[in-house]
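Dear colleague,

I am handing over the structure below, and I would be grateful if you could look it over before we discuss it. My notes come after it.

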Amino acid sequence: MNETIDPVWAWAEYQPTAHEPWDVRRAAHLFRRAGFGATRAELHAAVEAGSAATVDSIMQSTTEPSEFLKEVDALATATLATGDVQKLSAWWAYRMLATPAQLLEKMTLFWHGHFATSAAKVDDAQLMFAQNNLLREQALGDFSALLLEISRDPAMLVYLDSASNRKAHPNENYAREIMELFCLGEGNYTEQDIRELARCFTGWEIKREKFRFNRYQHDTGPKNVLGESGKFGGEKGVEIVAAQDAAPLFIATKLVTFFVMEEPQPTEDLIAPLAQELRDNDMQIAPVVRRILSSNLFCSNMAIGRKVRSPVEFAIGFLRSLEGSTNSYELAENLKTLGQGLLYPPSVKGWDGGRTWINSSTLLGRSNLIRHLLDSDKTRFGRESLADYLRSQGAQKFDDVIDLFEETLFAVKIPSAARDRVRQLAGNSGGEDKLKDAVHALCTLPEFQLG
Amino acid sequence: MSHSSRRQFLTTSAAATSVLTFGRRAPAFLQQAAADSQSDGRILVVVEMAGGNDGLNTVVPYTDDEYRKARPELAIGKSDVLKINDNLGLHPVMTGFADLLEAGHLSIIQGVGYDNPNRSHFESMDIWHTCQRKDENRIDGWLGRYLQEAGQATSSDPAGLHLGEDKQPFALMSRDARVPSIRSLDQFRLNGNETAAFRKAVRELADARRDGGNDLLSFVQSSTSSAITASERIEVAGMNYKPSGEYPSTALANKLQTVAKLINSGLTTPVYYVRIDGFDTHAQQDGAHQSLLRQVSDGVSTFLKDMMAHGHGDRILCLCFSEFGRRVAENASKGTDHGTAGPVFLTGTHVKAGLIGQHPSLRDLQDGDLKHHTDFRQVYATVLERWLKCDSKAILRGKFNPLNALPPT
């Protein structure tokens, strides 16, 4: 059915119509995909402002206010002093929850899944932090610059065993992954290209946690990489890889999968206009992200509610939509058990996402996480209890509560029979315990797993 | 378990689906495979050694000069190997496997691979899991296809179980059979309000059919429903099990002990899947590889002995594989890069013990890599036909000759 999506229609700017209006449902979809969700008030303001203005404001809010930066930097310094990478993961969860620059953080997460590096192996909070900052700095910037920087990033070199790469026996690991996973995709290079590119990277080392070039260990001979010949070093090697036609296509496909739809897999025809746009903009990321977020396809029923929420989207989204705050350390731990430990991707391929987020363990885990959040005395909603918060939002009756959840948190409508069943569970008393049970049941619905 | 949830579970598990839920008839050849399947309570435990195990330093050609030349740093000393014969020996830490071999319970299939080997972890693993190449439409795995068609329509137990916190293996994917992934038994339950009323509500909310049209929602719905049912079943399964010996305190051994617990508690699940990661040894291979091989060898041998002590020995076959071997020559970081053929292990009381096939020649290489002589699908055919007793052709998408690692039936 994917063949039937017309690329011209898909990427043209969405114009609200009577049939496809700019409403709370679409606004919520935009905020969920371009960030981690929004409150009811934010959604209603966005509907008022219009779709174009909302996308504009999302694209513009990509620098964090200095006061917020001061706060997260101070937190980072304190965290790094402990040397505990797990705590850094909590720091990032806090940042995601609290930052006003939602798109920037979402893109940083995207690149973390793309240039996946795990603290389980790197085991150095400072190096992981430096890489995280690098990803954030270039998150909406220049892909080629990011690719070169990540190729020399100490955390990455440790992760892919290139901490010392000697000319006599080059280590092929990074050469393979930069082509297979970071830039071109499988099938767009040969085994010979890997061996030759590995020679380009010889002499790239880490000394005292910093990248350094050791010219004595560099193979200065001629190489032949992806059809080009010369006495290339690593920088030129990266440049050749980034200049391949497959690169913009590969990156655009990943962006569409991340922001729009995971299934069916987008065809090359559908992606081509975006790849062209990336190439025309010298691999600048922001313009193509804007194009995606403003597009017909993005605002269509082929996109809304057609992705499985990642654990981060699930948990941070739940809290953010209800102005929630909680113990970040426990939150980060829980994300890990749900399959998305921040700074702990499962392999260099990152998270596969989609249906792979879902299995018996993670489904029970998701349900248990919501319960844990509801029961924890560290969790606050708008600095209040859940019941007080919901009342302050004008949700007096239990039906109002379901409405509020549906508006802010459900991409797929709650079936009316399920509404009735949850209402029955909540009973008439409306006490805090009943409310928790009802919310817990709502968040265990299959519908709640889609975003 | 209530009637409705039991029925719900059945409709989402194994072979029941194609007949009960959809009224869709399975192709005749697959029905035959299901009818032919008489596995007699036999169990298959798959141990995936993820990352590409260095087969050359696992089954070591210790007298071969080429081996020593290619690996000045990493070659294992002649006097250190656990000798299998005059040319080959197991890595010195694999005492558990050596014991199994001695007892006649370990079959070592050498030189396993496939044509045009792919050295990407992810692609190669997908090939092993699905028996299909990238240009084919891959939607299910070899075990998933087995469970889908030959699974147990009469049991409320899961058709397969994946133990681990990582994502579910592609090998277990199928159109309809939902295989639970279990991190640990303690966490495999719904927390919170424990009253029957709440549990009932949650189960009913998950079980309710949704309007059609959203495949993804149907998938999540059936997954949620089977998760809740499986957690109830496993909670009830009873945990009156004491291990016969002490399991090593490793993640792999923990998973295998959980498998032992479940088997012993009477679960009829025929397929268990566990994974151990870290075989991607590009740098400083020595210590890491040693530790990994020890975990596999000790973990699997403890598990098998435990199962024998509990009277389940004859029901167990364990398959240990990796997506590829490493290059013959070591690299500058005292590690090895991605290569090709490697050994596969089958353990159990039924196996034909010893070496199957020749060790791949170190003098006849292709681009510095070993040439395989046994297709991995022959190993699967052996398991499917001679252990699970079904027709392997449809499941493997082709006819592959079984090996004499297991006796013909």
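Predicted model: local features only at pLDDT ≥ 70, side-chain atom pairs only at ≥ 80, totals over all residues.

Residues are numbered from 1 along each chain as its sequence is written, chains are lettered from A and ligands numbered from 1 in the order in which they are written, and side-chain values use heavy atoms, with hydrogens and water left out.

Between the chains, helix 25 of chain A (residues 432–444) packs against helix 8 of chain B (residues 196–207) with axes 9 Å apart and an angle of about 25°; helices here are DSSP runs of H or I with at least four residues, strands are runs of E with at least two, and both are numbered from the N terminus. Axes are lines fitted to C-alpha atoms, for helices over the stretch in contact, and angles run from 0 to 180 degrees between N-to-C directions. The two helices are therefore roughly parallel (angles under 35 degrees; over 145 is roughly antiparallel, 65 to 115 roughly perpendicular and the rest oblique). Contact (heavy atoms within 4.5 Å) is made by A:Asp437, A:His440, A:Ala441 and A:Thr444 on helix 25 of chain A and by B:Phe198, B:Val202 and B:Leu205 on helix 8 of chain B.

Helix 8 of chain B also meets helix 9 of chain B (residues 215–236), the axes coming within 8 Å and crossing at roughly 145°. Here B:Val202, B:Arg203, B:Ala206 and B:Asp207 of helix 8 face B:Gln221, B:Thr224, B:Ser225, B:Ile228 and B:Glu232 of helix 9.

In chain A, helix 9 (residues 125–137) and helix 10 (residues 143–151) have axes 10 Å apart at an angle of about 170°, which means that they run roughly antiparallel. A:Gln131, A:Leu134 and A:Leu135 of helix 9 make this contact with A:Leu146, A:Glu149 and A:Ile150 of helix 10.

Finally, B:Asn331 lies in the loop between strand 9 (316–321) and strand 10 (342–347) of chain B. B:Asn331 has a relative accessible area of 5% and is therefore buried (under 20%, with exposed over 50% and partly exposed in between, for a 1.4 Å probe and protein chains only). Leaving aside neighbours within four places in sequence, B:Asn331 is in contact with residues including A:His169, A:Pro170 and A:Asn171 of chain A and B:His282 of chain B.

Best regards
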